[in-house]
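Please walk through this protein with me, from the overall fold down to single residues. Keep the sequence and the model side by side.

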Amino acid sequence: MTKFCVGLLAAAALVAGASPVCAQADSALAVTRAGTSLFRVNVDGNVGIGESSPSQRLTVKGGVRADSATLGRVRFPDGSKVESMRITPVAVTFSAGWANQGGGWAPARYYLDPAGVVHLTGRMRYTGTGGSGITLFVLPAGYRPSGTLTLSVPAASGYGYLLIYADGSVKADGLVNGTGVSLDGATFLAEQ
């Protein structure tokens, strides 16, 4: 391929150790260092960062960090894709004595949003005796706080408390037999 250098040496100087800005016959602009492509704009308008032959409008070889992104569709190398960012909550696996409230109430579930916030939803009830301090369920790794949290939750008998531990166990405080407990609105940041 024939190379020709363009008068953009100042742009190359911005990248330490980069060669002069040159374009190949198939590129409008190319910046390289030690023979490795750092940035390239092909004549068809495709941009490559760390990629010498970009096949898409933007091809990045390496990680990408962004404060925000708006995506209509995400495609994976195997051809699968995500077209909506719908979050599917996970059903709670109760400890002995706890069950979903039933009677038209939403079942107890949890999910993690893209910001790393865990959301607890639904309503459950205690069918055993001595509900205070008993484990309701255990959150898996990735859904746990970095330290113990105390969250106030509405209960049939007024308000109770959820104690959420770094090991994932969720316990009740101030709840008694037959108490219905709403998890709606209980949120916390997952351990980073």
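**A walk through the strands**

First, the ground rules. This is a predicted model, in which local features need pLDDT of at least 70 and side-chain atom pairs count only at pLDDT 80 or more, while totals for chains, interfaces and linings use all residues. Residues are numbered from 1 along each chain as its sequence is written, and side-chain values use heavy atoms, with hydrogens and water left out.

The chain holds one helix and 19 strands. Both are DSSP runs numbered from the N terminus: helices are H or I with at least four residues, strands are E with at least two. Of the 192 residues of the chain, 31% count as buried. Among contacts in the chain between residues at least 6 apart in sequence, 43% join residues at least 24 apart. Contact here means heavy atoms within 4.5 Å.

Back to Ser169. It lies in strand S17, residues 169–173. Its side chain joins that of Asp167 in a polar contact of 2.6 Å. Such a contact is a pair of N or O atoms within 3.5 Å; within protein, one must be able to donate a hydrogen and the other to accept it, and residues adjacent in sequence count only if both atoms are side-chain atoms. Not counting residues up to four places away in sequence, Ser169 touches Thr135, Phe137, Val138, Leu163 and Ile164.

In soluble globular proteins, nonpolar side chains tend to be buried together. Leu139 touches Tyr110, Leu120, Arg144, Ile164, Asp167, Gly168, Val170 and Phe188, residues up to four places away in sequence not being counted.

Now take Ser152, in strand S15 (residues 149–155). Ser152 counts as partly exposed because its relative accessibility is 47%. Leaving aside neighbours within four places in sequence, Ser152 is in contact with Tyr159, Gly160 and Tyr161. Leu162 is 10 residues from Ser152 in sequence, and their C-alpha atoms are 6.4 Å apart.

Tyr111 sits in strand S11 (residues 109–112). With a relative accessible area of 22%, Tyr111 is partly exposed. Beyond four places in sequence, Tyr111 touches Ile87, Pro89, Val117, Val118, His119, Thr121 and Tyr143. Val90 is 21 residues away from Tyr111 in sequence and 6.1 Å away in space, C-alpha to C-alpha.

Next come the loops. Thr93 lies between strand S9 (90–91) and strand S10 (98–100). At 67% relative accessibility, Thr93 counts as exposed. Leaving aside neighbours within four places in sequence, Thr93 is in contact with Leu136 and Phe137. Thr93 and Val138 are 45 residues apart in sequence, yet 7.6 Å apart from C-alpha to C-alpha.

Gly45 is in the loop between strand S4 (36–42) and strand S5 (47–49). Gly45 is partly exposed, at 31% relative accessibility. Its C-alpha atom is 9.0 Å from that of Gln56, 11 residues apart along the chain.

Gln56 brings us to a pocket. Which residues line the largest pocket? They are Ile49, Gln56, Arg57, Leu58, Thr59, Val60, Gly63 and Val64. Strand S6 (residues 58–60) gives the most to this lining, with three residues. The volume of the largest pocket is about 290 Å³.

Conventions:
Buried < 20%, exposed > 50% of the residue type's maximum accessible area, 1.4 Å probe, protein only. 1 Å grid on protein atoms, 1.4 Å probe; cavity = no way out; pocket = protein on both sides within 12 Å on 5 of 7 lines; lining within 4 Å. Points joined across faces, edges and corners; volume = space filled by probe spheres on them.
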